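Colleague: I would like to learn how to read this model. Shall we start with the strands, then turn to the ligand?

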Amino acid sequence: RPPTMGLYFLDYGAGNVQSLANSLKKLGYSFQWITCADDFHKATSLIFPGVGAYGQAIDALESKGFLHPLREYIASGRPYFGICIGMQVLFQSSTENPSKRGLGVVPSPIEEFDNADKSVPHMGWNAVELLDPAHKSDEGVSTSAHYYFVHSFRAAYDPVAFPEAAEWAHGVTQYGQEIFIASVRKANVFGTQFHPEKSGDAGLKIISSWLVESEPARAVAPPTPRVPRAPRPKDSLTKRIVACMDVRSNDQGDLIVTKGDQYDVREKSTEGAVRNLGKPVALAARYYAAGADELCLMNITSFRHSPLRDQPMLAVVRAAAEEVFVPLTIGGGIKDTVDPDGTKLTALEVAGAYFRAGADKVSIASEAVLVVERMRQRARDSGHNEDAAIGDGTSAIETIARAYGRQAVVVSIDPRRVYVAADYDGPYKSELVFGRPDGEEHERGRAWWYQCTVSGGREARPLSVVQLARGAERLGAGEIVLNSIDRDGTGKGFDIDLVQLVRSSVRIPIVASSGAGAAAHFVEVFEKTGVEAALAAGIFHRGEVAIPDVKAALVEASFNTRT
Ligand code: 1PR
């Protein structure tokens with residue numbers, strides 16, 4: 001089929017729209033970007049892959065003079081496909097930014113998820129139930145597939161309170177005990193709350209199905225009457241399996257994937273050479289094909305130089321994003337920097353470069369520790385409770401979350417155990433973990449707390465893991481990747497005590513990391529801690545355990561899994 005003529009993309013400058021561009025490239029379509037209001041007249045079909053925050057999106061559309069032409073475009077009957085924020089702007093308003101008005105095409109509000117019974121953001125792979133399953137207009141959405149969602153705000157599916165909006169509902173999804181609108185469909189308008197461009201083959205099928213059908217707009221039969229849906233006891237959100245690649249240059253200057261033992265990446269045998277476990281883009285493509293639910297690329301020596309000078313790393317992100325259609329997190333060096341030539345770059349600009357290259361989330365480690373320390377210090381100085389300290393709006397976490405949405409900001413924690421006597425009476429007393437009688441020998445009769453480090457574990461800081469996790473959550477981080485220097489590369493299993501401690505301290509999703517040595521370790525961490533995701537590196541790189549083996553163990557243990 002020839003490329004769609006007149007296919008335009010609306011990009012308002014926030015978030016990763018590169019992934020959708022990559023999806024179209026993969027499917028063999030060409031498109032143009034909307035650059036001025038006039039382009040709306042030229043478009044014969046339009047995709048708005050909105051990512052980020054609702055208010056930012058409306059503001060950006062307004063300031064570029066796009067809001068009115070967008071409204072006109074939709075009213076003209078030409079095909080429109082809105083993704084995430086691109087779907088939410090169709091609604092009346094959002095409690096994310098109550099002062100902003102949406103297009104009001106769908107007459108109901110967007111509101112925040114209730115986090116009493118679940119982590120918010122809703123982040124991960126969930127199922128979609130079609131409301132007219134017998135009808136031809138399934139838009140390529142399969143009820144047996146899982147799709148990638150990442151959002152804190154949703155349109156409730158409520159045919160009693162919002163009957164007209166419910167008519168727009170095409171598919172619904174359950175998260176916790178809430179049922180919300182996962183896709184909308186009426187006349188020329190289609191929209192998904194989830195990200196088809198991040199939903200692997202199942203998502204690519206939706207995009208290609210819309211492209212094939214989008215010219216001319218097809219007639220859709222009137223929907224069947226909408227009735228309220230009672231939530232099931234359990235939702236269909238899957239446990240995520242994340243493959244992480246630590247990237248750095250080797251002694252020859254090539255970027256390679258490496259892996260340390262307790263963060264030491266140098267070989268003991270070959271005169272201290274950096275351990276080389278493969279090429280980042282090739283490995284990323286392999287893990288995508290094997291069914292990884294997410295991928296992380298960590299630039300582990302970025303603290304030594306400016307990340308944006310590190311063009312090869314940006315090139316790696318760009319190339320990886322062309323190959324993989326699941327979420328991609330990039331970490332390392334996300335902070336305010338000054339280039340050697342004196343050019344100042346804010347953390348927001350550094351993150352922006354990664355998002356434009358194709359990253360979906362950025363992961364902040366060292367800078368998050370320093371930001372939370374400063375925030376606590378300010379509270380102390382002004383006589384306030386440091387455990388309730390709030391940000392001043394200028395930190396990397398806050399500025400990136402404001403522009404790109406909190407779901408785009410991951411805080412990566414590198415804690416290390418600090419052993420103390422069981423009768424320790426110091427400042428971290430309330431966070432102590434006590435060695436079990438059946439635990440490892442060196443733990444018995446002792447207690448420990450978890451201390452935060454910076455620069456890849458090289459420097460310990462006066463901050464505990466609980467203080468950092470809570471502080472990061474208050475500042476607006478959307479997720480925590482919880483490493484453990486003690487367990488990293490050991491294959492002994494995740495540090496369950498650590499994961500439980502942090503899981504009980506915050507409401508945002510947590511990715512347990514470090515120490516996986518067998519598929520059973522993933523089952524253990526999900527059973528004992530209830531975290532949303534688990535990450536491994538070494539076992540996948542060395543081929544000791546394959547991602548499908550982990551998924552099979554999860555299925556066996558009755559966890560929702562994307563297979
Ligand atoms: O501080 O914001 O510039 O970010 C630097 C990032 O690089 C941090 O997220 C930090 O964790 C990471 N990092 C720095 N030095 C190292 C190192 O190994 N020398 N990697 C490093 C840490 C930990 C995980 C690993 C899991 C699972 N690697 O990324 O993937 O522990 O490993 P396993 O399954 O093999 O046990 P900034």
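Modeller: Two strands pair if DSSP finds at least two bridges between them. Strands themselves are DSSP runs of E, at least two residues long, numbered from the N terminus. This is a predicted model: local features need pLDDT of at least 70, side-chain atom pairs count only at pLDDT 80 or more, and totals for chains, interfaces and linings use all residues. Residues are numbered from 1 along each chain as its sequence is written, and side-chain values use heavy atoms, leaving out hydrogens and water.

Colleague: In what order do the 8 strands of the open sheet run?

Modeller: The order is β2-β1-β3-β4-β13-β12-β11-β8, with mixed pairing. β2 (32–33) and β8 (129–130) are the edges; each has a single partner strand, so one side of each lacks a neighbour in the sheet.

Colleague: In which sense do β1 and β2 pair?

Modeller: Parallel, over 2 bridges; β1 spans residues 7–9. F9 has W33 in β2 as its bridge partner.

Colleague: How many residues surround the ligand?

Modeller: A residue is near a molecule if one of its heavy atoms lies within 4 Å of it. Here 25 residues surround the ligand, and the closest are G333, S366, D414, D488 and S514. β14 (240–249) and β28 (533–536) each supply at least two residues of that shell.

Colleague: Which polar atoms lie by the ligand's oxygen atoms?

Modeller: A polar contact is a pair of N or O atoms within 3.5 Å. A polar side-chain atom of S366 is 2.5 Å from a ligand oxygen. For a side-chain N or O atom of D414, the distance to a ligand oxygen is 2.6 Å. A polar backbone atom of A537 lies 2.9 Å from an oxygen atom of the ligand.

Definitions and conventions. A polar contact is a pair of N or O atoms within 3.5 Å; within protein, one must be able to donate a hydrogen and the other to accept it, and residues adjacent in sequence count only if both atoms are side-chain atoms. Helices (H or I, at least four residues) and strands (E, at least two) are DSSP runs, numbered from the N terminus.
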